[in-house]
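Please read the following report beside the sequence and the model.

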Amino acid sequence: MRISRRTFAAAAAAVVLLPLSACGGGGDDGGSDDASGKVQGDITFQTWNLKADFKDYFEGVVAEFEKKYPGTHVKWIDQPAEGYADKISADAGGGTLPDVVNVSPDLVAPLAKAGLALDLDKAAGQYKKEYLDGAWASHQIPGLGGTYAFPWYLNTGPLFYNKSLFTKAGLDPNKPPRTYAELFTDALQMADRTDGKVATLANVPTVEDFGRYGVELMNKEGTAFTFNDAKGVELLTKYKELYDAKALDPQALTATPESSGKKFLTGAVAMNPGSALDLDNFKKNAPNLYKNIGITDQITSTGHVNMYVMGVMVNAQTRKKPAAIAFAHFVTDAAHQMSFAKKVAIFPSTAGSLDDPYFTRQDGTDVTRVRVAAAQSLKSAVNYTPVLFSEQMKTALRNEVAKALQGRQSPQDALDNAVKQCDTLLKQQG
C-alpha cells in the first residue's frame, strides 16, 4: 500500500474465515514442505498498491532473484488499496491465493486460522534471528502457535511539540513528557496556565494508547479482550480529567488526523504525531511554529513505542514452498529492506539495520531529524494493536470512550461495554 504512518494505522477490513480446501496456484513439483528443498518453479507474488511508485524497484528484485535461482520465475501482481482485503478473501476462498502475499497482521490472522498462512517458525525458523524480535512477533496470532509472515517494512511516528507553548505554560521546553504520568501532569498545567485555550492533545485514546499505558489488551488464548481491567479504567479516567479541564481538545471526539494537524499548526494544541512531511509543511506555512518545533518519542509507560508493520506471507498450500519461502525471505532480507528504505520513508525490520549511518547520522535536514528519532525508538518497538482487533472493534471502542468523556457513562461501564461488543465481534470472526 502507499506508505505512510497514517496508512499503517488504518487497518483493512476483516477477511472472512476461509475454507481449508483453498490452495495456491502452480503445478506440483514435489518440492519440500519447508525451506530446505530445491528452489525452482513458477510462483506469484502479490503486493498492495506499490506498483505506481516502485515498479522499477520490484522488477529489479524479481530479476535479481531469478538470476540467483535459475529455473525460477516470479510473476509480480499488484492490487489497488481499495478492496484489498476483499480480494484476498475471494482468492483464498476460490483457491487462487498467490504463493507470496503482502499482508498486514490483521489480514494474516484469518488466513492463519483457516490454515492458509504458512507457519514460518516450523518451515523457516532459521531466519528468525535475522529480524527484530518485536517485528517477528507481530504476525503471531493469539491462540495459535507459530509466526505467519516475514516482517517487512516498519513505521512509527515521533511526537512534535511546540516549545513556545511549553515555555509560556511554565514547562521545560527541553523536557517534554515521556510517560503518561508526565503527560497528564504537563497537560493539566498547560490548560490551567492558558485558561483552557491551549490543549496538549487533540485525540482520544485508542487501543494503542491502552497498550502503551501497559494495559493487557487480550488474554493469551486470543478468545477475549481484557482492556477493561483496573489499569484500562485508570487511563480512561485520566483522559476524562483532561477532557473536563480542556487539556484534551474539546473537538477530540470527532477529530481526524487532518483536523488535529490544523489545531497544532495554529497553536491550539501543543503536541501532535507527525512525519518529516509535516515538518516541511510547518516550514512553509507556519514559520514561527517551525522555529519552535520539538521532536520526541511517542508517550509510553512501558518503555516501548508502537510500531506499524507490513509482512510477506507464504501461502501454506502453495506447491512451490521452497521457492515461495526463498522469495519471501529474499524480499525481506536486510539488503533489500535497506535499499527499499532509501527510496521511501519506511524502516527495515531486520536486526542491525537501524544501526546503519543512514538511520543514526544527522545531516542537518528535517527529514533526517525525524528519521533518526524514529529509527532509534523502533529497535524495541511493539505492535500494540492486537492482530484480531478489527475496524468494527476500533469503532466500538471509540464510541464508548466518547460516552465516557462526555460523562454519559463511567469509564468502567464504557470499557465493559466496549469489551462486550469486541468479544461478540471476535466470536463472529470464528
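## Strand β8 and its cover

Strand β8 is mostly covered, as seven of its seven residues are buried. Buried here means under 20% relative accessible area, exposed means over 50%, and partly exposed lies in between, with a 1.4 Å probe and protein chains only. Strands (E, at least two residues) and helices (H or I, at least four residues) are DSSP runs, numbered from the N terminus. In a regular strand the side chains alternate between the two faces of the sheet. Both faces of β8 are covered: Tyr308, Met310, Val312 and Val314 are buried on one side, and Val309, Gly311 and Met313 are buried on the other.

This is a predicted model, in which local features need pLDDT of at least 70 and side-chain atom pairs count only at pLDDT 80 or more, while totals for chains, interfaces and linings use all residues. Residues are numbered from 1 along each chain as its sequence is written, and side-chain values use heavy atoms, with hydrogens and water left out.

## The sheet around β8

Where does β8 sit in its sheet? The open sheet has five strands in the order β2-β1-β3-β8-β4, with mixed pairing. Two strands pair if DSSP finds at least two bridges between them. The edges are taken by β2 (72-79) and β4 (150-155), each of which has a single partner strand, so one side of each is left without a neighbour in the sheet. On average, neighbouring strands of this sheet are turned by 20 degrees against each other, direction ignored.

Strand β4 and strand β8 (residues 308-314) run antiparallel and are joined by four bridges. Leu154 has Val309 of β8 as its bridge partner, and Phe150 has Val312 of β8. Six of the six residues of β4 are buried, so β4 is largely enclosed by the rest of the structure. The pairing of β3 with β8 is also antiparallel, over four bridges, and there Val100 stands opposite Val314. By contrast, β1 (residues 41-48) and β3 (residues 100-103) run parallel and are joined by two bridges. Gln46 stands opposite Val101 in β3.

## Helix α15

The buried residues of helix α15 (residues 334-341) are His336, Gln337, Met338, Phe340 and Ala341. Contact means heavy atoms within 4.5 Å.

## Helix α19

Helix α19 (residues 411-429) has 19 residues and reaches 27 Å from its first C-alpha to its last, close to the 27 Å expected at 1.5 Å a residue. The expected span is 1.5 Å times one less than the number of residues. Its buried residues are Pro411, Ala414, Leu415, Ala418, Val419, Cys422, Asp423, Leu425 and Leu426. Seen down the axis of α19, these buried residues fall within an arc of 165 degrees, so they line one face of the helix. The arc is that of the directions from the helix axis to the C-beta atoms.

What covers the buried residues of α19? The cover includes α9 (207-213), α10 (230-244) and α18 (391-405). On the other side of α19, Lys420, Lys427 and Gln428 are exposed.

## Salt bridges within helices

Side chains of opposite charge can pair when their charged atoms come close. The structure holds eleven salt bridges, each a side-chain nitrogen of Lys or Arg within 4 Å of a carboxyl oxygen of Asp or Glu. One of them joins Lys87 and Asp91, at 3.4 Å from N to O. These two residues are four residues apart in helix α3 (residues 84-94), so about one helical turn separates them. Lys87 is partly exposed, with a relative accessible area of 32%, whereas Asp91 is buried at 8%.

In α10, Lys240 and Asp244 are four residues apart, about one helical turn, and their side chains meet in a salt bridge of 3.1 Å, N to O. In α18, Lys403 and Glu400 are three residues apart, about one turn of the helix. The closest N and O atoms of their salt bridge are 3.3 Å apart. Lys403 is partly exposed, with a relative accessible area of 25%, while Glu400 counts as buried at 4% relative accessibility.

Conventions. Axes fitted to C-alpha atoms, helices over the stretch in contact; angles between N-to-C directions.
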